[in-house]
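Subject: The structure you asked about

Hi,

Here is the structure for you to open up and turn around. Have a look first, then read on for what turned up.

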Amino acid sequence: MPVSQRVVQVCLFLFAAIAMIGGPLQMYLGEPETVPRLDNVHRFMAGVYFSTGLINLWAAITIRRQGTLVYLLALGVFLAGIGRLVSISQVGLPEPAAVWLTYLIPELLLPVVIVVAHMATTRRASQVAPVT
């Protein structure tokens, strides 16, 4: 397996672990200090979060067969980071700030790493592919 493909795989496993731990945790915790509508949406999104973890896990396990899905998963994480940026700009940075920035930075950087590494893997595979 090329190093670039291993980089993508490790990032996908990392995303999977985060979502498969964070999803059930947020489903359990909810957002009880707010109105029922927001708690409901929070727990619903926790289920979506968990399911994306399963998709990332499957993509990581089957990385040699993946193409566009890798880009879509990277986009999803990047958009989640953008959502955090919008939240920070609208209502401020939650406390403790270091924790939330620790979430934000990988959400914005790792998708770029995934895209670059996956493009390198794809480019390498197309150069090695036999001509028919």
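Let's start with Trp-100: its relative accessibility is 28%, so this residue counts as partly exposed. Keep in mind that you are looking at a predicted model. Tyr-103 comes out at 40% relative accessibility, so Tyr-103 is partly exposed too. Why do I mention these two together? The structure holds 1 aromatic pair. The ring centres of Trp-100 and Tyr-103 are 5.2 Å apart and the ring planes stand at 90°, so the pair is edge-to-face. Both residues sit in helix α4, which covers residues 97–128, and because they are 3 residues apart there, about one helical turn separates them. An α-helix has 3.6 residues a turn, so residues three or four places apart point the same way.

Next, the salt bridges. How many does the structure hold? There are 2.

One joins the side chains of Arg-43 and Asp-39, with 2.8 Å from N to O. These two are 4 residues apart in helix α2, so they are again separated by about one helical turn. Are they buried or exposed, or something in between? Arg-43 has 25% relative accessibility, so it counts as partly exposed. Asp-39 is at 15%, which means that Asp-39 counts as buried, because the cut-off for buried is under 20%.

The other salt bridge is between the side chains of Arg-84 and Glu-107, at 2.7 Å from N to O. Arg-84 lies in helix α3 and Glu-107 in helix α4, so this pair ties together parts that are 23 residues apart in sequence. Arg-84 is partly exposed at 25% relative accessibility, whereas Glu-107, at 14%, counts as buried.

While you are on helix α3, here is a sum you can check yourself. The helix runs over residues 68–91, and at 1.5 Å a residue its 24 residues should span 34 Å. Its end C-alpha atoms are 34 Å apart, so the model agrees with that expectation. If you wonder which residues of α3 are buried, they are Val-70, Leu-73, Ala-74, Val-77 and Gly-81. After α3 comes Gly-92, which has a positive phi, near 100°.

Now for the inside. The largest nonpolar core has 14 residues, and those touching the most other members are Val-8, Leu-12, Phe-15, Ile-63, Val-70 and Ile-114. Helices α1 (3–29), α2 (36–61), α3 and α4 each supply at least two residues of this core.

Leaving aside neighbours within four places in sequence, what is Ile-63 in contact with? Its partners are Met-1, Gln-5, Val-8, Gln-9, Leu-12 and Val-70.

Gln-9, one of those partners, belongs to helix α1. With a relative accessibility of 8%, Gln-9 counts as buried, because that value is under 20%. Skipping its own neighbours within four places in sequence, Gln-9 is in contact with Met-1, Ala-60 and Ile-63.

Cheers

Definitions and conventions: Residues are numbered from 1 along each chain as its sequence is written. This is a predicted model: local features need pLDDT of at least 70, side-chain atom pairs count only at pLDDT 80 or more; totals for chains, interfaces and linings use all residues. Side-chain values use heavy atoms; hydrogens and water are left out. Rings of Phe, Tyr and Trp (its six-membered ring) pair if their centres lie within 6.5 Å; planes under 30 degrees apart count as stacked, over 60 as edge-to-face and the rest as tilted. Buried means under 20% relative accessible area, exposed over 50%, partly exposed in between (1.4 Å probe, protein chains only). The expected span of a helix is 1.5 Å times one less than its number of residues. A nonpolar core is a set of buried Ala, Val, Leu, Ile, Met, Phe, Trp, Tyr and Cys residues joined through side-chain atoms within 4.5 Å. Contact means heavy atoms within 4.5 Å. A salt bridge is a side-chain nitrogen of Lys or Arg within 4 Å of a carboxyl oxygen of Asp or Glu.
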